[in-house]
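I opened the model to look up the surroundings of the ligand and a few backbone details. My entries follow the structure.

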Amino acid sequence: MFITFEGGEGSGKSTQSKILYQKLKSEGRKCLLTHEPGGTKIGEEISRILKATYDTPVSGETELLLFNASRAQIVEEVIRPALDKGTIVICDRYADSTLAYQGYGRGIPLRTVRNANNLGTKGLKPDITFFLDIDPRVCFKRKTNKLDRIELEDIRFHEKVRKGFQKISKQEPERFIVIDGTLDAEKISEIIWEHVQKKLNE
Ligand code: TMP
(Lines give C-alpha, C1' and ligand atoms only; values in the text may rest on other atoms or scores of the structure.)
Protein backbone atom coordinates (compact mmCIF):
# COMPACT_ATOMS: atom_id res chain seq x y z
CA MET A 1 0.00 0.00 0.00
CA PHE A 2 1.27 3.42 -0.98
CA ILE A 3 0.08 6.35 1.18
CA THR A 4 0.85 10.02 0.50
CA PHE A 5 0.36 13.21 2.49
CA GLU A 6 -0.33 16.50 0.74
CA GLY A 7 -1.03 20.09 1.73
CA GLY A 8 0.43 23.55 2.01
CA GLU A 9 3.33 24.73 4.13
CA GLY A 10 2.99 23.95 7.83
CA SER A 11 -0.27 22.05 7.33
CA GLY A 12 0.85 19.25 9.67
CA LYS A 13 1.67 16.63 6.98
CA SER A 14 5.07 15.78 8.37
CA THR A 15 3.76 15.38 11.93
CA GLN A 16 0.87 13.20 10.73
CA SER A 17 3.00 11.03 8.46
CA LYS A 18 5.34 10.34 11.41
CA ILE A 19 2.43 9.48 13.72
CA LEU A 20 0.98 7.07 11.14
CA TYR A 21 4.39 5.47 10.59
CA GLN A 22 4.82 4.90 14.36
CA LYS A 23 1.33 3.41 14.70
CA LEU A 24 1.86 0.98 11.82
CA LYS A 25 5.28 0.02 13.18
CA SER A 26 3.87 -0.60 16.64
CA GLU A 27 1.35 -2.99 15.06
CA GLY A 28 4.32 -4.92 13.68
CA ARG A 29 3.72 -3.93 10.07
CA LYS A 30 6.54 -3.49 7.56
CA CYS A 31 6.49 0.21 6.87
CA LEU A 32 8.69 2.90 5.37
CA LEU A 33 8.46 6.67 5.80
CA THR A 34 9.99 8.96 3.21
CA HIS A 35 9.52 12.44 1.76
CA GLU A 36 9.78 14.58 -1.35
CA PRO A 37 11.76 16.34 -2.61
CA GLY A 38 14.63 14.13 -1.45
CA GLY A 39 14.51 10.69 0.11
CA THR A 40 17.62 9.53 -1.79
CA LYS A 41 21.16 10.87 -1.97
CA ILE A 42 20.57 12.35 -5.43
CA GLY A 43 17.13 13.63 -4.40
CA GLU A 44 18.55 15.46 -1.37
CA GLU A 45 21.06 17.25 -3.64
CA ILE A 46 18.20 18.25 -5.96
CA SER A 47 16.15 19.39 -2.96
CA ARG A 48 19.00 21.65 -1.83
CA ILE A 49 19.09 23.26 -5.30
CA LEU A 50 15.31 23.71 -5.25
CA LYS A 51 15.17 25.33 -1.82
CA ALA A 52 18.13 27.72 -2.21
CA THR A 53 17.62 31.37 -3.14
CA TYR A 54 19.32 32.87 -6.21
CA ASP A 55 19.75 36.38 -7.53
CA THR A 56 17.73 35.44 -10.64
CA PRO A 57 14.19 34.01 -10.72
CA VAL A 58 13.92 30.21 -11.06
CA SER A 59 11.77 29.20 -14.02
CA GLY A 60 8.66 27.15 -13.29
CA GLU A 61 9.80 24.58 -15.85
CA THR A 62 13.13 24.20 -14.04
CA GLU A 63 11.21 23.44 -10.85
CA LEU A 64 8.89 21.04 -12.67
CA LEU A 65 11.80 19.04 -14.05
CA LEU A 66 13.87 19.06 -10.85
CA PHE A 67 10.99 17.88 -8.65
CA ASN A 68 10.36 15.11 -11.15
CA ALA A 69 14.06 14.22 -11.38
CA SER A 70 14.09 13.74 -7.60
CA ARG A 71 10.84 11.74 -7.91
CA ALA A 72 12.11 9.40 -10.64
CA GLN A 73 15.03 8.50 -8.38
CA ILE A 74 12.98 7.89 -5.22
CA VAL A 75 10.41 5.81 -7.14
CA GLU A 76 13.07 3.59 -8.68
CA GLU A 77 15.46 3.39 -5.73
CA VAL A 78 13.12 3.38 -2.73
CA ILE A 79 9.36 3.28 -3.29
CA ARG A 80 8.94 0.56 -5.96
CA PRO A 81 11.36 -1.90 -4.35
CA ALA A 82 9.69 -1.43 -0.94
CA LEU A 83 6.17 -1.91 -2.36
CA ASP A 84 7.36 -5.02 -4.22
CA LYS A 85 8.47 -6.47 -0.87
CA GLY A 86 5.03 -5.81 0.63
CA THR A 87 6.16 -2.82 2.71
CA ILE A 88 3.65 -0.04 3.34
CA VAL A 89 5.18 3.16 1.98
CA ILE A 90 4.26 6.58 3.39
CA CYS A 91 5.50 9.59 1.44
CA ASP A 92 5.33 13.17 2.73
CA ARG A 93 4.43 14.93 -0.57
CA TYR A 94 4.34 13.35 -4.05
CA ALA A 95 3.15 14.19 -7.56
CA ASP A 96 0.01 16.08 -6.42
CA SER A 97 2.33 18.71 -4.92
CA THR A 98 3.77 19.34 -8.38
CA LEU A 99 0.30 19.72 -9.85
CA ALA A 100 -0.65 22.15 -7.06
CA TYR A 101 2.59 24.20 -6.85
CA GLN A 102 3.97 24.18 -10.40
CA GLY A 103 0.59 23.78 -12.12
CA TYR A 104 -1.91 25.85 -10.14
CA GLY A 105 0.73 27.96 -8.33
CA ARG A 106 3.22 28.77 -11.09
CA GLY A 107 0.68 28.52 -13.92
CA ILE A 108 2.36 25.82 -16.02
CA PRO A 109 -0.37 24.13 -18.14
CA LEU A 110 -1.76 21.19 -16.18
CA ARG A 111 -1.32 18.85 -19.14
CA THR A 112 2.41 19.64 -19.21
CA VAL A 113 2.68 19.04 -15.45
CA ARG A 114 0.79 15.74 -15.74
CA ASN A 115 3.10 14.59 -18.55
CA ALA A 116 6.20 15.41 -16.49
CA ASN A 117 4.66 13.70 -13.46
CA ASN A 118 4.00 10.56 -15.51
CA LEU A 119 7.69 10.44 -16.30
CA GLY A 120 8.75 11.09 -12.69
CA THR A 121 6.34 8.59 -11.13
CA LYS A 122 6.69 6.01 -13.93
CA GLY A 123 2.93 5.69 -13.58
CA LEU A 124 3.03 4.81 -9.87
CA LYS A 125 -0.03 6.23 -8.12
CA PRO A 126 -0.81 6.34 -4.39
CA ASP A 127 -3.60 4.09 -3.08
CA ILE A 128 -4.66 6.75 -0.62
CA THR A 129 -3.79 10.44 -0.27
CA PHE A 130 -4.47 12.58 2.79
CA PHE A 131 -4.86 16.27 2.00
CA LEU A 132 -4.61 18.44 5.09
CA ASP A 133 -6.54 21.52 4.06
CA ILE A 134 -5.80 24.75 5.90
CA ASP A 135 -5.65 28.50 5.15
CA PRO A 136 -1.99 29.38 4.38
CA ARG A 137 -2.33 32.57 6.45
CA VAL A 138 -2.92 30.44 9.54
CA CYS A 139 0.05 28.19 8.69
CA PHE A 140 2.54 30.98 8.19
CA LYS A 141 1.62 32.40 11.59
CA ARG A 142 2.57 28.99 13.09
CA LYS A 143 5.93 28.76 11.30
CA THR A 144 8.99 29.61 13.34
CA ASN A 145 11.87 28.16 11.27
CA LYS A 146 13.67 29.90 8.40
CA LEU A 147 11.62 29.90 5.20
CA ASP A 148 12.96 28.38 1.96
CA ARG A 149 12.65 29.88 -1.55
CA ILE A 150 9.19 28.44 -2.28
CA GLU A 151 7.82 29.17 1.20
CA LEU A 152 8.93 32.79 0.69
CA GLU A 153 6.50 33.21 -2.24
CA ASP A 154 3.71 35.69 -1.50
CA ILE A 155 0.44 34.66 0.11
CA ARG A 156 -1.44 34.82 -3.22
CA PHE A 157 0.80 32.05 -4.56
CA HIS A 158 0.08 29.87 -1.52
CA GLU A 159 -3.65 30.53 -1.88
CA LYS A 160 -3.50 29.35 -5.51
CA VAL A 161 -1.69 26.20 -4.33
CA ARG A 162 -4.42 25.54 -1.76
CA LYS A 163 -7.17 26.00 -4.37
CA GLY A 164 -5.19 23.65 -6.62
CA PHE A 165 -5.14 20.92 -3.99
CA GLN A 166 -8.87 21.40 -3.41
CA LYS A 167 -9.59 20.97 -7.14
CA ILE A 168 -7.30 17.96 -7.53
CA SER A 169 -8.86 16.21 -4.53
CA LYS A 170 -12.37 16.73 -5.96
CA GLN A 171 -11.30 15.13 -9.24
CA GLU A 172 -10.25 11.90 -7.54
CA PRO A 173 -12.54 11.49 -4.52
CA GLU A 174 -11.88 7.73 -4.34
CA ARG A 175 -8.18 8.34 -3.65
CA PHE A 176 -8.29 11.57 -1.62
CA ILE A 177 -9.26 12.00 2.00
CA VAL A 178 -9.61 15.71 2.71
CA ILE A 179 -9.09 16.65 6.36
CA ASP A 180 -9.67 20.02 7.99
CA GLY A 181 -6.14 21.04 8.99
CA THR A 182 -7.41 23.29 11.80
CA LEU A 183 -8.52 20.25 13.84
CA ASP A 184 -6.16 19.31 16.63
CA ALA A 185 -3.34 16.92 15.77
CA GLU A 186 -4.77 14.05 17.82
CA LYS A 187 -8.16 14.22 16.13
CA ILE A 188 -6.50 14.35 12.69
CA SER A 189 -4.39 11.30 13.50
CA GLU A 190 -7.51 9.39 14.58
CA ILE A 191 -9.27 10.18 11.29
CA ILE A 192 -6.20 9.08 9.33
CA TRP A 193 -5.90 5.86 11.34
CA GLU A 194 -9.55 4.93 10.69
CA HIS A 195 -9.09 5.36 6.93
CA VAL A 196 -5.85 3.40 6.84
CA GLN A 197 -7.36 0.54 8.84
CA LYS A 198 -10.33 0.43 6.48
CA LYS A 199 -8.04 0.35 3.46
CA LEU A 200 -5.89 -2.38 5.00
CA ASN A 201 -8.97 -4.50 5.62
CA GLU A 202 -10.22 -4.16 2.04
P1 TMP B 1 8.84 20.54 2.15
O2 TMP B 1 8.77 21.90 2.82
O3 TMP B 1 7.66 19.67 2.39
O4 TMP B 1 10.17 19.86 2.34
O5 TMP B 1 8.72 20.83 0.57
C6 TMP B 1 9.61 21.65 -0.06
C7 TMP B 1 8.96 22.73 -0.85
O8 TMP B 1 8.80 22.28 -2.20
C9 TMP B 1 7.58 23.14 -0.38
O10 TMP B 1 7.54 24.56 -0.45
C11 TMP B 1 6.66 22.56 -1.41
C12 TMP B 1 7.49 22.52 -2.66
N13 TMP B 1 7.17 21.49 -3.63
C14 TMP B 1 6.82 21.88 -4.93
O15 TMP B 1 6.74 23.07 -5.22
N16 TMP B 1 6.57 20.90 -5.84
C17 TMP B 1 6.69 19.56 -5.57
O18 TMP B 1 6.47 18.73 -6.44
C19 TMP B 1 7.07 19.18 -4.22
C20 TMP B 1 7.22 17.74 -3.89
C21 TMP B 1 7.29 20.17 -3.29
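Which element gives the most to the shell around the ligand? I found that α4 does, with four residues; helices (H or I, at least four residues) and strands (E, at least two) are DSSP runs, numbered from the N terminus.

I noted that this is a predicted model, in which local features need pLDDT of at least 70 and side-chain atom pairs count only at pLDDT 80 or more, while totals for chains, interfaces and linings use all residues. Residues are numbered from 1 along each chain as its sequence is written, and side-chain values use heavy atoms, with hydrogens and water left out.

I then looked up individual atoms: a polar side-chain atom of Glu9 lies 2.7 Å from a ligand oxygen atom, and for Thr98 I read 2.6 Å from a polar side-chain atom to an oxygen atom of the ligand. For Arg93, an N or O atom of the side chain is 2.9 Å from an oxygen atom of the ligand. A polar contact here is a pair of N or O atoms within 3.5 Å; within protein, one must be able to donate a hydrogen and the other to accept it, and residues adjacent in sequence count only if both atoms are side-chain atoms.

Arg93 is placed in the loop between β3 (88-92) and α4, and I saw that its phi is positive, about 80°, although Arg93 is not a glycine.

Lastly, I recorded a cis peptide bond between Glu36 and Pro37, with omega about -5°; Pro37 is in the loop between β2 (31-35) and α2 (41-51).
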